[in-house]
Amino acid sequence: MTASFWWLSVPLVIALFLALRFLNAKTHHAIAKALTNPVCWAIVLIAACLMILKLPYAPFAEHTKVLSWLLEPAIVALALPLYQQFIHVKKNLLLILISCSLGVINATLVASIICTLFSAPAELSASLASLSVTTPITLLVTDALGGIPSLAAAMVIFIGVLGAIFGNLIFSLINIHNAQAKGVAIGTACHAIGTASLITEQPKAGAFASVAMALSALLSALIVPLLYPAIQHLI
């Protein structure tokens with residue numbers, strides 16, 4: 001990366017995220033809190049900066065690669081709330097496993113049906129087949145299905161951000177207050193970003209989200225490569 005981009009590198013990204021997180025923490029109204037999600041705004045502001053200043057993305061990504069490397073340890077760190085709440089998770093492990101299986105199957109089935117209805121190209125359909133899983137796993141599964149891994153990763157991140165912003169609002173609207181149900185739903189559908197958001201406000205729900213995210217990753221790697229060709233054959 002050239003020296004002219006140094007100010008858009010790691011220090012600025014971290015400072016921007018911390019400032020947005022501070023703003024979000026000071027916000028107490030449910031809707032305002034959802035709309036000030038730091039992950040979402042960090043992505044929007046960085047993208048806007050690059051577009052307005054006409055800076056290429058590739059050197060920026062290269063210079064901030066260290067943050068991408070920290071993604072995997074960050075996912076491992078989500079095991080802490082799982083450890084702290086393990087006694088509650090252990091009692092419901094079978095139910096969580098069944099729920100995650102249904103979530104993975106449902107996501108693949110719905111995506112395939114929608115792609116068929118809109119006559120989507122095969123590559124696009126394969127790219128959307130494995131979205132109930134965290135980014136590193138979806139890259140592998142999508143590549144095996146013949147999809148576009150970068151598109152699948154973008155969709156996974158987009159869904160995670162949506163879950164972080166609107167997850168709690170939706171739970172309130174449909175009157176769901178059970179921490180276990182919230183955690184399994186967010187962990188299965190919105191993976192790491194949604195889980196990280198839930199942990200900060202509801203540690204018990206975050207523990208269930210962590211185990212649901214891990215199980216969904218394992219189940220997606222096992223189920224989707226078998227389920228997706230079968231669905232394509234039937235519809």
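This note sets out points on the fold, surface and selected residues of a predicted model.

1. Basis of the values. Because the model is predicted, local features need pLDDT of at least 70 and side-chain atom pairs count only at pLDDT 80 or more, whereas totals for chains, interfaces and linings use all residues. Residues are numbered from 1 along each chain as its sequence is written, and side-chain values use heavy atoms, with hydrogens and water left out.

2. Secondary structure. The protein chain contains 14 helices and zero strands; helices (H or I, at least four residues) and strands (E, at least two) are DSSP runs, numbered from the N terminus. The order along the sequence is accordingly α-α-α-α-α-α-α-α-α-α-α-α-α-α. The radius of gyration of the protein chain is 18 Å, close to the 18 Å given by the globule rule for 235 residues, so the chain is as compact as a globular protein of that length. The radius is taken over C-alpha atoms, and the rule is 2.2 Å times the number of residues to the power 0.38.

3. Extent and contacts. The C-alpha trace spans about 55 × 40 × 30 Å along its principal axes. Of the contacts with a separation of 6 or more, 70% are between residues 24 or more positions apart; a contact means heavy atoms within 4.5 Å.

4. Burial and surface. Of the 235 residues, 39% count as buried. Buried means under 20% relative accessible area, exposed over 50%, and partly exposed in between (1.4 Å probe, protein chains only). The chain exposes about 13100 Å², and carbon and sulfur atoms supply 75% of that area. These areas come from the Shrake-Rupley method with a 1.4 Å probe; for residues, only the protein chains shown count as cover.

5. Charges. The mean positions of the 9 positive and 5 negative charges lie 20 Å apart. Lys and Arg count as positive and Asp and Glu as negative, while His and the chain ends are not counted. Each charge is placed at NZ of Lys, CZ of Arg, CG of Asp or CD of Glu.

6. Cysteines. A search of the whole structure finds zero disulfides, a disulfide being a pair of cysteine sulfur atoms within 2.5 Å. For cysteine 190, the closest cysteine sulfur is that of cysteine 100, at 13 Å, which is too far for a bond. Cysteine 190 is buried at 8% relative accessible area, whereas cysteine 49 is partly exposed at 27%.

7. Positive phi in loops. Serine 119, a residue other than glycine, has a positive phi near 50°. Serine 119 sits in the loop between helix 9 (93-117) and helix 10 (122-127) and is exposed, with a relative accessible area of 63%. Asparagine 175, likewise not a glycine, has a positive phi of about 60°. Asparagine 175 belongs to the loop between helix 12 (149-173) and helix 13 (179-201) and counts as exposed at 56% relative accessibility.

8. Threonine 138. This residue lies in helix 11 (residues 135-145) and is buried, with a relative accessible area of 0%. Leaving aside residues up to four places away in sequence, threonine 138 touches Ser130, Val133, Ala152, Ala153 and Val156.

9. Asparagine 168. This residue is part of helix 12 and is partly exposed, at 24% relative accessible area. Residues up to four places away in sequence not being counted, asparagine 168 touches Leu198, Glu201 and Gln202. Asparagine 168 and alanine 126 are 42 residues apart in sequence and 30 Å apart in space, C-alpha to C-alpha.
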